[in-house]
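Please look over the sequence and the model shown here before reading the report.

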Amino acid sequence: MLYDITPPLCPDMPVWPGDTPFGVFRTWSLSGACPVNVSRLSLSTHTGAHADAPLHYRPDGVGIGEVDLAPYLGPCRVLHCQDTGPLLTREILQMRLGDAPLPPRVLIRSYQRFPLGHWDDGFMAVAPEVVDWLGERGVCLIGTDTASLDPVNSKTLEAHHAVARHGMAILENLLLDEVPEGDYELIALPLKLMGVDASPVRAVLRPLN
Ligand SMILES: N[C@@H](CC(=O)c1ccccc1NC=O)C(=O)O
Ligand SMILES: [Zn+2]
Ligand SMILES: [Zn+2]
């Protein structure tokens with residue numbers, strides 16, 4: 001059994017304001033003279049479920065093709081935070097998780113229903129102290145169902161920089177609507193895009209045992 005936590009990629013999907021819309025264009029089409037269909041894609045590196053590379057927000061950061069893959073597969077916890085409001089704070093998370101041990105990956109669900117058909121400016125942001133707290137507890141990957149860890153208007157991307165300080169990895173735009181709170185195996189590998197700032201992933205969760 002698998003939970004597919006990847007939103008579908010299609011031309012009418014929402015994208016970050018001003019970013020490249022998702023497009024698919026036929027290069028060759030099946031016909032008497034042509035034995036195949038072949039297409040070309042046009043899309044932002046931050047389309048749908050995706051992994052951010054350090055290069056997204058640091059001039060000296062590595063590209064997604066160069067990052068260690070270990071954070072992107074292994075044990076993870078899905079945490080429900082649908083009633084959290086505009087900012088997930090360390091106090092809220094500490095209250096929810098206490099001092100019990102955590103798996104090395106944490107996926108945070110903020111939406112009751114993921115906005116598959118429209119752009120949402122008002123998504124929940126993650127406070128940088130949350131990232132610090134998780135990093136100090138050995139977490140290597142933080143995932144969210146929102147378009148960014150930081151608020152939409154942020155120019156400083158403090159939560160992203162906190163992730164980099166701890167050498168952690170980021171997944172965004174995960175579709176967690178159908179996933180009960182609990183522990184799973186995460187599999188969400190980025191493409192080997194050399195020197196590129198992010199990559200779409202196909203993200204799935206496998207229930208344990
Ligand atoms: N931080 C967001 C994306 C982001 O910030 C962004 C994506 C596309 C175009 C512009 C963006 N930010 C501009 O300030 C992300 O990691 O997906
Ligand atoms: Zn991104
Ligand atoms: Zn991001």
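## Basis of the description

This is a predicted model, in which local features need pLDDT of at least 70 and side-chain atom pairs count only at pLDDT 80 or more, while totals for chains, interfaces and linings use all residues. Residues are numbered from 1 along each chain as its sequence is written, and chains are lettered from A and ligands numbered from 1 in the order in which they are written.

## Overall fold

The chain holds three helices and 13 strands, these being DSSP runs numbered from the N terminus, with helices (H or I) of at least four residues and strands (E) of at least two. Its radius of gyration is 18 Å, close to the 17 Å that the globule rule gives for 209 residues, so the chain is as compact as a globular protein of that length; the radius is taken over C-alpha atoms, and the rule is 2.2 Å times the number of residues to the power 0.38. Along the principal axes, the C-alpha atoms fill a box of roughly 65 × 40 × 30 Å.

Of the contacts in the chain with a separation of 6 or more, 75% join residues 24 or more positions apart, a contact being a pair of residues whose C-beta atoms, placed from the backbone, lie within 7 Å. Buried residues make up 35% of the 209 residues; a residue is buried if 20 or more other C-beta atoms lie within 10 Å of its own, exposed if 12 or fewer, and partly exposed in between.

## The nonpolar core

The largest nonpolar core has 45 residues, among which Ala51, Val126, Val131, Ile142, Ala159, Leu171 and Leu174 touch the most other members. Such a core is a set of buried Ala, Val, Leu, Ile, Met, Phe, Trp, Tyr and Cys residues joined through C-beta atoms within 7 Å. Elements that each supply at least two of its residues include α2 (128–136), α3 (158–165), β10 (169–172) and β11 (182–187). Beyond its neighbours within four places in sequence, Ala51 has contacts that include Ile64, Tyr72, Leu171, Pro190 and Val201.

## Annotated positions and ligand 1

In an unreviewed entry, UniProt lists His46, His50, Asp52 and Glu172 under "binding site". These positions span 127 residues in sequence, yet no two of their C-alpha atoms are more than 8.4 Å apart, so they gather at one spot. UniProt positions follow the numbering used here, feature names are shortened, and annotations may be inferred rather than shown by experiment. His50 lies in strand β4 (residues 50–52), and Asp52 lies in strand β4 as well. His50 is buried, with 26 other C-beta atoms within 10 Å, and Asp52 also counts as buried, with 26 C-beta neighbours inside 10 Å. Leaving aside residues up to four places away in sequence, Asp52 touches His160, Ile170, Glu172 and Ala198.

The residues around ligand 1 are Trp16, Asp19, His46, Asp52, His56, Ala147, Ser148 and Glu172, each with its C-beta atom, placed from the backbone, within 6 Å of the ligand. Trp16, which the UniProt annotation "binding site" (unreviewed entry) also covers, lies in the loop between β1 (3–4) and β2 (23–28) and is partly exposed, with 14 other C-beta atoms within 10 Å.

## An exposed loop residue

Arg113 is placed in the loop between β7 (105–109) and β8 (125–126), and it is exposed, with 7 other C-beta atoms within 10 Å.

Note on methods: Two residues are in contact if their C-beta atoms, placed from the backbone, lie within 7 Å.
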